[in-house]
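User: Hello! I am new to this kind of model and would like to learn how to read it, one feature at a time. Could you guide me?

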Amino acid sequence: MDAAVLGFARIALLVLLWVFILLALTTMRADADSASGRPGRKRGKRSRVPRLARPAAMAGPARRQKARVLTVVEGPYQGSHMDISQVDSVVLGRSDACEFVLGDDYASSRHARLLRRGSDWFIEDLESRNGTFVGGYRIDQPERVQVGTDIKLGGTTVRLAP
C-alpha cells in the first residue's frame, strides 16, 4: 500500500512539474509576441475589443504631412526647434559641431543623423553609447520616422512636426 501511494505521489509531482513548464513556456511566448509587435494567438471564441482613439499626432492625415520642423519635446533645450524643410541631413548630438545641439549629458557628441530620402525621413544612430530609440524601440539601422514619432537620444526626446 505504501509503495502505491509513493508511486502515485511521484507521478502527480511529475505531472505538476510538466504543467508548470508548459505554463512558463506559454507565458514567455506571449511576452515575446507582444514585445515584437505581433499579436498573440487567440484560441476559442473571438472577443470584440473596442478600438481606442488614436492621438492627433498619430492620425492618418498627419502621417502623410511633410516634416518641416524638428522640435525638442523633452530635455534640457525643451522647446527649441529647427526648420528642416530645406536640408537633406541633420546631425544631432552634444557637440557644438552638430547642426542640432542637444545640450544633454547623456547624448553622445555625434549621437544620430536625421536624413531625407525622397519625401521620407530616416534616423540613423551614429554608434552612440546610450543608443537611439524610435517609438520606444532601440534602433541599430536607419529607421523611417514620420510626423509625430518620438525619437529619444540620451535624455532628450525630439519629434518631427509639420
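Analyst: Gladly! Let us begin with confidence: pLDDT is the predictor's confidence in each residue, on a scale from 0 to 100. This is a predicted model, and its mean pLDDT is 82, with 80% of the residues reaching 70 or more. Residues 40-63 have a pLDDT below 50. Beyond near neighbours in sequence, that stretch has 12 contacts in the model.

User: Thanks. How many helices and strands does the protein have, and in what order do they come?

Analyst: There are 2 helices and 11 strands. Along the sequence, the pattern reads α-α-β-β-β-β-β-β-β-β-β-β-β.

User: What share of the residues is buried?

Analyst: A residue counts as buried when its relative accessible area is under 20%. Here, buried residues make up 25% of the 162 in the protein. As for the surface, the accessible area comes to about 11900 Å², and 55% of that belongs to carbon and sulfur atoms.

User: Which residues have the most contacts inside the largest nonpolar core?

Analyst: That core has 22 residues, and those with the most contacts inside it are Ile84, Leu92, Phe100, Leu114, Ile123 and Val158. Two or more residues each come from β1 (69-74), β3 (89-93), β5 (112-117), β6 (120-125), β10 (150-153) and β11 (156-161). For a closer look, take Ile84: setting aside residues up to four places away in sequence, its contacts include Val69, Leu70, Val90, Leu114, Trp121 and Leu160.

User: How can I tell how far apart in sequence the contacting residues are?

Analyst: You can look at the separation of each pair. Among contacts between residues at least 6 apart in sequence, 40% join residues at least 24 apart. Asp88 sits in the loop between β2 and β3. Leaving aside neighbours within four places in sequence, Asp88 is in contact with Leu114, Leu115, Arg116 and Trp121.

User: Why does Asp88 count as exposed?

Analyst: The cut-off for exposed is over 50% relative accessible area. Asp88 counts as exposed because its relative accessibility is 54%.

User: Is His81 buried or exposed?

Analyst: His81, in strand β2 (residues 81-83), is exposed, because its relative accessible area is 57%. Beyond four places in sequence, His81 is in contact with Val69, Leu70, Thr71 and Phe100. His81 and Ala161 are 80 residues apart in sequence, and their C-alpha atoms are 9.7 Å apart in space.

User: And what about residues in loops, such as Ser108?

Analyst: Ser108 lies in the loop between β4 (100-101) and β5, and it counts as buried because its relative accessibility is 16%. Not counting residues up to four places away in sequence, Ser108 touches Gly93, Arg94, Ser128 and Arg129. Another loop residue is Glu127, found between β6 and β7 (132-134). Glu127 has a positive phi of about 55 degrees although it is not a glycine. With a relative accessibility of 77%, Glu127 counts as exposed.

User: Finally, how do I read aromatic rings, and how many aromatic pairs are there?

Analyst: A pair of aromatic rings is described by the distance of the centres and the angle of the planes. A search of the whole structure finds 0 aromatic pairs. A ring can also have a charge over its face: Arg117 lies over the face of Phe122, at 4.9 Å from the ring centre.

Conventions
Residues are numbered from 1 along each chain as its sequence is written. This is a predicted model: local features need pLDDT of at least 70, side-chain atom pairs count only at pLDDT 80 or more; totals for chains, interfaces and linings use all residues. Side-chain values use heavy atoms; hydrogens and water are left out. A nonpolar core is a set of buried Ala, Val, Leu, Ile, Met, Phe, Trp, Tyr and Cys residues joined through side-chain atoms within 4.5 Å. Buried means under 20% relative accessible area, exposed over 50%, partly exposed in between (1.4 Å probe, protein chains only). Helices (H or I, at least four residues) and strands (E, at least two) are DSSP runs, numbered from the N terminus. Contact means heavy atoms within 4.5 Å. Accessible areas come from the Shrake-Rupley method with a 1.4 Å probe; for residues, only the protein chains shown count as cover. Rings of Phe, Tyr and Trp (its six-membered ring) pair if their centres lie within 6.5 Å; planes under 30 degrees apart count as stacked, over 60 as edge-to-face and the rest as tilted. A charge sits over a ring if NZ of Lys or CZ of Arg is within 6 Å of the ring centre and within 35 degrees of the ring normal.
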